[in-house]
Amino acid sequence: MSAASKTNMSNETAELQVQGKSIELPVVVGSEGEVGIDISRLRAETRAVTIDNGFVNTASCFSGVTFLNGEEGVLKYRGYAIEELAEKSNFIEVAYLLIYGELPTITQLARFESSIKAGQETPEQVKQQIKLFPKDAHPMGVLSACLSSLSAYYPELLDQDLSADKKDRIIGQLVAQVRNLSAYFYRASQGKDFVNSDANLDYCTDFLNMMFEGQGKIDPEVAKALNVLLILHADHEQNCSASTVRLVGSSKANLYASISAGVGALWGPLHGGANQAVIEMLQEIDKDGGDYKKFLDKAKDKNDSFRLMGFGHRVYKNFDPRARIIKKACDTVLTKLDIKDPLLDIAKGLEEEALKDPYFVDRKLYPNVDFYSGIIYKALNIPTNMFTVMFALGRMPGWIAQWKEMIESPSMKIGRPRQIYTGETDLEYQAISDRK
Ligand SMILES: CC(C)(COP(=O)(O)OP(=O)(O)OC[C@H]1O[C@@H](n2cnc3c(N)ncnc32)[C@H](O)[C@@H]1OP(=O)(O)O)[C@@H](O)C(=O)NCCC(=O)NCCS
């Protein structure tokens, strides 16, 4: 059943008066009870548009992929609670769930794994391209560029209307390539040879092996921790990067171009880049003698642009369920690996203090997914500038699922917002010699 068909048209309508014109707008109710006002006829009937800075009140689509309730701290993928998936499932099974809509049978999972294996060969020229980037380039720029470059090598996967087979092929390939490209660039940045993917290893162990080969066997606890992190990052409905992927894909641009743009959106510190910013902030606090109260004061000071990184969320106004799981995983991983990280104590102290502070309480600012994830990545030896790439690795299935749902929807339209024009009107052209 499609996402739209699980939506109820309620008997209610919303009435709007605009400049003497009245319009009755249908009210729709989603499967988890959220209410929306359908304004599709608004401009045609009244010539008015809506304005919604930052899309705070705008649903851009009907979607059956991920549900989140920010007031109650609920997150579900395709109806399954994130807590249960993080405990019982693994990343590749969750990827299948998000992309294809249901938990796979043994046969479906085997087919999906085969498509990932079939797509794991990175073109030799792209491998060379990775080696040509400056070693200190930010890996998100490299990832975005290389994902886009893949389009050059698979012209048959650029069709506007991909057959089901080709769609499965490009999906498996992108899941494999985000792992390869991330690990390859890490190796190149360290001046080390690439380690090829090993088809006998599970996805997370394989990634860690491609990153750290030669440093001993991959600890299953480490691979397990990575599985949980990737599951928690796998989708988050219409966030900035998913909306970017949808918007680019809505022009019928190919999937490589759409995903590459999504990586660019994720890079920003207000989105996925926050995980890197959190660790840098904790390190700064540590260097400064561990006085986190000073940093809380800075975050509250309206004359200071500093924000408490890893705190606050557009949608979660209670707590971020992913942060709760990550905080626990962080304790477990550090204990199992016998690591004592002073940054964890600073993070916990900072959280405790912020959660008592009226500034954060009144604004409903809680730790988000990025607050503790960096401490785990650090324990896994992932360098700080790779943290956002780790987010991208986890988010790939979500981007693909959002894109696939959109292009398969019979009501897909190119995304094209309106504006309220506020510029000059009716100026007369002056020759350059007459301009002051
Ligand atoms: C995530 C984030 C971008 C959400 O932004 P938003 O929904 O547009 O919320 P706003 O920026 O309007 O913030 C609302 C209020 O809380 C304050 N606020 C929000 N996040 C804050 C933070 N991390 N530190 C200090 N103050 C913060 C804002 O200054 C604003 O205060 P005001 O009402 O006095 O003006 C924002 O909370 C943030 O910048 N967080 C830090 C970056 C981060 O961790 N991003 C990862 C998200 S998963």
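**Close-up views of a predicted model**

**View 1. An open sheet of 3 strands.** The strand order is E4-E5-E6, and the pairing is antiparallel. Strands E4 (66–69) and E6 (80–81) stand at the edges; each has a single partner strand, so one side of each lacks a neighbour in the sheet. The model shown here is predicted. Strand E5 (residues 74–77) runs antiparallel to E6, and 2 bridges join them. Lysine 76 faces alanine 81 of E6.

View 2. Lysine 88 pairs with glutamate 84. Their closest N and O atoms are 2.8 Å apart. The two residues sit 4 residues apart in H2 (residues 82–88), about one helical turn. Lysine 88 is exposed, at 58% relative accessibility. Glutamate 84 is partly exposed, at 39%.

View 3. Arginine 169 and glutamate 156 form a salt bridge, with 2.7 Å between the closest N and O atoms. Arginine 169 belongs to helix H7 (residues 164–189), while glutamate 156 lies in the loop between H6 (139–149) and H7, so the pair ties together parts 13 residues apart in sequence. Arginine 169 is partly exposed, with a relative accessible area of 39%. Glutamate 156 is also partly exposed, at 29%.

**View 4. A network of salt bridges.** Lys167, Lys404 and Glu408 are linked in this network. The side chains of glutamate 408 and lysine 404 meet at 3.5 Å, N to O. Lysine 404 has 11% relative accessibility and therefore counts as buried. Glutamate 408 is partly exposed, at 40%. Across the whole structure, a search finds 22 salt bridges.

Definitions and conventions: Residues numbered from 1 in each chain as written. Predicted model: local features only at pLDDT ≥ 70, side-chain atom pairs only at ≥ 80, totals over all residues. Heavy atoms only, no water. Pairing = 2+ DSSP bridges. Salt bridge = Lys/Arg side-chain N within 4 Å of Asp/Glu carboxyl O. Buried < 20%, exposed > 50% of the residue type's maximum accessible area, 1.4 Å probe, protein only.
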